[in-house]
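Please look over the chain shown below. A short report follows, moving from the fold to single residues.

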Amino acid sequence: MINITIPIPDITITKQANPELSHIYGFTDFHLIPRDKAGIFMFYNAQEELLFVGKARKLRPRIKKHFEDNVSPIKAYRNEVAIIEVCIVEDAVDREIYETYIINSQKAKYNVEKVYYK
């Protein structure tokens with residue numbers, strides 16, 4: 001049996017109710033997410049229900065793209081996202097394993113690929 005431990009998030013940013021600074025869907029702290037690091041990210045709603053899990057070679061641009069792109073799998077649910085957690089994971093194989101494991105063990109609501117629990 002393989003034992004996988006979900007990494008502890010390195011960065012967590014939270015949606016602000018009335019942001020005074022420039023923001024994207026209420027998030028003003030994208031600068032805390034490294035733009036040149038690889039890893040996995042998780043989007044949660046206000047009730048801390050996991051909505052979506054993804055991986056990226058460059059975290060900040062990939063996460064921002066989910067809020068700006070017209071083809072993002074969460075485009076219809078962007079307003080639901082209240083918390084973004086980021087784990088720095090440089091190894092591509094590890095990112096793939098963590099993403100698939102988290103999607104299936106935590107039953108991410110809007111992930112449609114790599115789903116084995118249905």
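## Fold

Which pattern does the protein follow when read along the sequence? The pattern is β-β-β-α-β-α. That order is built from 2 helices and 4 strands. The model is predicted.

## Size and packing

The C-alpha trace spans about 50 × 30 × 25 Å along its principal axes. The radius of gyration is 14 Å; a compact globule of 118 residues would have a value near 13 Å, so the protein agrees with that expectation.

How much of the protein is buried? Buried residues make up 42% of the 118 residues.

## Surface and charge

The protein exposes about 7300 Å². Carbon and sulfur atoms supply 49% of that area.

The charges number 17 positive and 16 negative. Their mean positions are 6 Å apart.

## Annotated domain

UniProt carries the annotation "domain: GIY-YIG" for residues 36-112, in an unreviewed entry. Over residues 36-112 the chain is 31% helix and 25% strand. The end C-alpha atoms of this stretch are 27 Å apart.

## Positive phi at E48 and K107

Two residues deserve a look at the backbone. E48 has a phi near 60°, a positive value in a residue other than glycine. K107 also has a positive phi, near 55°, and is likewise a residue other than glycine. Most residues other than glycine have a negative phi.

Where do they lie? E48 is in the loop between β2 (39-44) and β3 (50-56). K107 is in the segment after α2 (92-105). Is E48 buried or exposed? E48 counts as exposed because its relative accessibility is 60%, and the cut-off for exposed is over 50%.

## I103 in helix α2

I103 is found in helix α2. Its relative accessible area is 1%, so I103 is buried; the cut-off for buried is under 20%.

How far is I103 from Y116 in space? The C-alpha to C-alpha distance is 8.8 Å. In sequence, I103 and Y116 are 13 residues apart.

Terms used
Residues are numbered from 1 along each chain as its sequence is written. This is a predicted model: local features need pLDDT of at least 70, side-chain atom pairs count only at pLDDT 80 or more; totals for chains, interfaces and linings use all residues. Side-chain values use heavy atoms; hydrogens and water are left out. The radius of gyration is taken over C-alpha atoms; the globule rule is 2.2 Å times the number of residues to the power 0.38. Buried means under 20% relative accessible area, exposed over 50%, partly exposed in between (1.4 Å probe, protein chains only). Accessible areas come from the Shrake-Rupley method with a 1.4 Å probe; for residues, only the protein chains shown count as cover. Lys and Arg count as positive and Asp and Glu as negative; His and the chain ends are not counted. The place of a charge is taken as NZ of Lys, CZ of Arg, CG of Asp or CD of Glu. UniProt positions are given in the numbering used here, feature names are shortened, and annotations may be inferred rather than shown by experiment.
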